[in-house]
Amino acid sequence: GGLTFTFDCSAQNHVTSKLSFTVFYVKLYTEIHKPFSFRYKDLHVYQLEHPTQVLEWTSGNSVCVAGYSQSKNEILELRLPLKLLADENKSLCAERDFKVSHGGFTDGPVRCLTHIPGTRCAVTNDGLSSDLQVWDLGGEESDVIRRTGSIKGKRSASERGSRIAARPSSAPQVLHGAQISDVQLTELASGETLYKLETDSADPLSSLQFVSDTVFLAGCCNGSVYVADTRTSAPPQLSHSPSSAESVIWWTDAAAGPHPSSRRVIRVSSSGQAVVSDLRNLGGAGCQAQLDVQTPGRCSQVKVSWAPTLDDCISVSGFSGVVQIYNTRLWGAEPQEARPLFEHRGHAVSSQQTDDSVPTFVTSHIWHPERPRTLLSAASDGSVHVWDWVDPNRQGGSPTP
Amino acid sequence: MPEIKVTPLGAGQDVGRSCILVSIGGKNIMLDCGMHMGYNDDRRFPDFSYITQNGRLTDFLDCLIISHFHLDHCGALPYMSEMVGYDGPIYMTHPTKAICPILLEDFRKITVDKKGETNFFTSQMIKDCMKKVIPLNLHQTVQVDDELEIKAYYAGHVLGAAMVHIKVGSESVVYTGDYNMTPDRHLGAAWIDKCRPDILISESTYATTIRDSKRCRERDFLKKVHESIERGGKVLIPVFALGRAQELCILLETFWERMNLKAPIYFSTGLTEKANHYYKLFITWTNQKIRKTFVQRNMFEFKHIKAFDRSYADNPGPMVVFATPGMLHAGQSLQIFKKWAGNEKNMVIMPGYCVQGTIGHKILNGQRKLEMEGRATLDVKLQVEYMSFSAHADAKGIMQLIRMAEPRNMLLVHGEAVKMEFLKGKIEQEFSIDCYMPANGETTTVTTNPSVPVDISLNLLKREMALGGPLPDPKKPRTMHGTLIMKENSLKLVSSEQALKELGLNEHQLRFTCHVQLQDPHSDADTLHRIYTHLKSVLKGYTIQHLPDGTVIVESIVIKVSSSAEDSNTKVLLLSWSYQVKTWTLFLEAAALPGVTTKLSSRHP
């Protein structure tokens with residue numbers, strides 16, 4: 001075959017009419033001839049045998065993925081390449097590959113996978129019912145991931161399956177449910193239900209997460225958000241959906257972090273609307289934007305996430321084969337079109353998909369908990385990318401760590 | 001039961017020394033003879049004491065096969081053949097035969113000259129060893145002797161690398177060596193037909209990795225080169241021979257073209273000579289019927305890459321130079337390195353593994369001050385980059401190969417003590433075959449089920465069919481009686497009568513008799529009748545007849561009763577049977593007559 005060599009020289013594809021022709025020409029010229037290394041400090045591209053919809057950290061340098069085909073699938077724990085993690089002697093390290101440190105087999109698809117912090121335990125849901133499967137990820141002596149038990153959920157059949165959240169500290173406990181009225185906290189060791197969310201609403205959930213050791217946020221598909229405390233049986237705080245449009249689905253993420261200002265919640269809709277509000281005042285005025293998503297409406301696995309260490313940055317994926325990063329500080333009270341700060345287009349550009357009728361889309365992405373600009377993203381063609389992007393606003397000189 | 005034995009040789013559990021012993025159909029074959037680069041003592045050699053405690057290996061091995069020229073697969077070859085002693089045939093592909101001695105000589109020089117070792121193989125030993133080599137062509141069956149045959153398949157990985165199919169009778173084994181399932185710019189992907197070997201032996205060091213794409217590795221390489229050139233630095237890339245160097249040249253040439261870069265790129269003249277030699281080898285190698293993707297071009301028609309002259313090293317400004325040898329241990333690459341090491345704007349990119357004792361190895365271990373000849377020290381200020389371009393099969397690759405070859409059993413060889421239960425489970429589940437993982441020094445025995453084709457006479461077949469019952473199948477074999485005639489190389493199953501006829505022999509009948517005494521006051525006829533009734537009640541399903549001539553017949557066993565001459569209460573049963581053991585055993589079990597003591601005295605016919 002011939003030699004194909006592609007590199008992404010341009011940070012921005014859009015050429016607005018605001019630029020005059022000469023300025024445009026110069027800009028385009030410099031874009032092409034800009035050192036192409038500028039956009040990424042590191043980039044690793046992998047091809048799994050089967051695509052994954054889940055990406056979950058099990059430690060600072062290992063991540064779990066799992067297949068979602070109808071029958072048997074694999075769960076894999078992958079260790080990140082040494083070269084990526086080596087900060088000091090990076091140049092002397094040639095190791096660029098993922099190492100499959102542990103692996104196991106499931107009987108069905110894996111639609112949700114949560115690691116229990118401080119343990120070698122993970123909990124999964126197959127998206128067909130609200131039952132959960134419990135797994136031992138294996139230790140030094142064995143590289144096999146074994147199923148150790150299950151947790152009965154409320155529904156034997158569920159369209160979307162359950163969302164799962166692990167309690168940050170304390171003994172291993174999981175919060176789970178397929179719809180808001182089903183949310184319960186189960187102790188893993190005994191299977192005992194320690195808490196149940198008291199509400200009548202049957203709205204299906206699109207997200208579930210702890211914002212502190214006992215307080216959690218449950219985001220519904222219709223955009224409403226519930227905040228409750230597992231210590232009390234008091235009714236949850238409810239914040240209604242930003243939009244009353246029926247066919248619109250919403251996804252939610254709450255920022256985690258020590259600063260009170262990082263107690264923010266973002267909601268993104270299938271039409272590309274993004275709303276940011278404060279956790280203590282969800283209904284109050286926050287900021288919003290219309291995201292620059294390629295195919296609004298046509299999305300199934302949208303993921304929105306606050307960057308763990310970069311203030312005000314959020315990432316969005318699932319609308320297409322692109323992962324976008326936005327700076328919410330630029331957003332105002334009125335919804336305006338927002339431009340992404342950075343776009344990772346790798347999955348769309350180098351798609352391995354054989355079926356052209358269904359374009360590749362990103363199934364999931366996660367931020368590294370400590371490395372400020374390192375992300376992992378997975379797509380429907382089985383690709384998994386690990387990338388460390390360069391902030392285009394801080395360019396001009398060597399890439400910053 | 002026929003079986004194949006596989007033993008990975010060598011002490012220690014480290015990766016890095018391939019040497020596998022296979023016993024198949026009475027033949028002993030050694031696969032690869034690698035050196036472990038990390039050790040300085042005898043641990044670097046495979047442990048040949050497993051084969052024999054002392055003395056030469058010639059009598060114990062039928063042949064030795066080398067998969068490719070990497071030192072961890074052929075580094076111990078001269079030691080084994082000339083110092084331990086082996087005079088039998090050594091098989092390897094043509095390119096391997098050409099390149100091996102060069103690498104071995106390089107390695108020998110480093111070990112003896114740089115590290116000052118004395119007990120090491122000599123240049124003459126390398127030459128003598130290579131005289132024993134019989135070169136292989138791809139896909140060509142070679143008869144090692146009357147019974148043992150071997151065939152080489154394309155493995156990708158490096159120039160000349162082969163996977164080997166070994167066959168004795170109807171048992172076979174395939175050894176992969178190092179292989180690669182994704183094509184390269186200058187090498188194709190490994191390929192094998194559905195040869196269904198009893199065992200597929202594969203290295204599994206990289207089995208638990210998922211490889212970063214080639215594009216990303218290339219991107220990284222280009223990024224580093226570009227960054228150095230941009231700041232006015234010089235880039236040195238020490239390479240061994242064409243192959244990998246060729247790929248990097250093509251990469252740089254394309255990049256230079258796209259980015260319209262002006263800095264010069266050179267390759268050293270030593271490389272040019274070797275390159276022409278390898279180019280010829282390469283062409284004959286790739287002219288075989290193999291699946292490949294490689295760039296068809298004259299290896300030296302580069303627009304941006306020119307021949308190097310040693311005076312250019314002092315030229316100001318940025319440049320890129322490819323120079324030999326690959327580990328910076330001597331020659332031009334070392335000379336250039338010494339000149340450029342002191343400037344932090346410069347860079348050296350090591351594209352492969354460096355043997356201990358070389359400058360390459362030292363700088364890759366972070367050493368920034370080097371001791372040179374004459375006590376001079378060299379400050380290493382330039383940037384050192386280690387980039388790996390070698391292509392190995394990962395987990396996905398192993399599954400692909402198994403799918404291609406369809407082995408009956410899988411055997412993974414790896415030096416590490418780490419268990420790979422998950423991969424074992426994956427292979428066993430997906431292909432329903434057994435997967436073995438012996439440690440070094442541990443023997444795996446795989447029972448094979450070779451099928452022996454035998455002709456059966458139509459009469460015999462018809463007779464068996466007439467007996468009725470289910471048709472035979474592999475899970476439920478059916479026993480039949482017949483005579484196996486072996487004539488020359490063919491096997492034939494016929495009925496006993498036909499065999500006797502063919503052999504011109506008469507059939508003889510054997511009948512056995514025995515006397516059983518028992519106490520019974522009744523008359524002879526009554527005793528006989530009692531026996532008849534009893535047998536009829538216990539031996540259901542068997543033909544039992546009471547004939548008017550005073551005998552009871554159970555199948556083919558005849559029973560007569562007569563009184564003892566001395567005492568009329570003592571009855572003597574005469575039992576006579578033909579050679580049908582089955583019925584007799586059954587008869588014995590059931591013959592315990594209630595309330596009667598028996599005394600068996602058997603008499604031979």
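Student: In this predicted model, at roughly what angle do the axes of helix α10 and helix α11 of chain B cross?

Tutor: Helix α10 covers residues 395–405 of chain B and helix α11 covers residues 421–431 of chain B. The crossing of α10(B) past α11(B) is right-handed. Their axes come within 11 Å, and the angle at which they cross is roughly 30 degrees.

Student: How many nonpolar, polar and charged residues does the contact of α10(B) with α11(B) have?

Tutor: From α10(B), the residues Ile398(B), Met399(B), Ile402(B) and Arg403(B) take part, and they meet Lys426(B), Ile427(B), Glu430(B) and Phe431(B) of α11(B). Sorted by class, this contact has five nonpolar, no polar and three charged residues.

Student: Which helix gives the most to the nonpolar patch on the surface of chain B?

Tutor: The patch is formed by Ile456(B), Leu458(B), Leu461(B), Met465(B), Leu471(B) and Met480(B), which together have about 570 Å² of accessible area. One of these residues, Leu471(B), sits in the loop between α12 and β25 (483–487) of chain B. The helix that gives the most, with three residues, spans residues 458–466 of chain B and is α12.

Student: Which residue is joined to Pro325(B) by a cis peptide bond?

Tutor: Most peptide bonds are trans. Pro325(B) lies in the loop between β16 (319–323) and α8 (331–340) of chain B. The cis bond there has an omega of about -5 degrees, and the residue joined through it to Pro325(B) is Thr324(B).

Student: What is the phi of Ser432(B), a residue that is not a glycine?

Tutor: Most residues other than glycine have a negative phi. Asn260(B), in the loop between α6 (244–259) and β14 (265–267) of chain B, has a positive phi of about 55 degrees. Ser432(B) is located in the loop between α11 and β22 (434–436) of chain B, and its phi is positive, at about 55 degrees.

Technical notes
Residues are numbered from 1 along each chain as its sequence is written. Chains are lettered from A and ligands numbered from 1 in the order in which they are written. This is a predicted model: local features need pLDDT of at least 70, side-chain atom pairs count only at pLDDT 80 or more; totals for chains, interfaces and linings use all residues. Side-chain values use heavy atoms; hydrogens and water are left out. Axes are lines fitted to C-alpha atoms, for helices over the stretch in contact, and angles run from 0 to 180 degrees between N-to-C directions. Helices (H or I, at least four residues) and strands (E, at least two) are DSSP runs, numbered from the N terminus. A crossing is left-handed if the near helix is turned anticlockwise from the far one by less than a right angle, and right-handed if clockwise. Contact means heavy atoms within 4.5 Å. Ala, Val, Leu, Ile, Met, Phe, Trp, Tyr, Cys and Pro count as nonpolar, Asp, Glu, Lys and Arg as charged, and the others, Gly among them, as polar. Patches are made of residues with over 30% relative accessible area and no salt bridge: like charges are joined within 9 Å, nonpolar side chains (Val, Leu, Ile, Met, Phe, Trp, Tyr) within 5 Å. Accessible areas come from the Shrake-Rupley method with a 1.4 Å probe; for residues, only the protein chains shown count as cover. A salt bridge is a side-chain nitrogen of Lys or Arg within 4 Å of a carboxyl oxygen of Asp or Glu.
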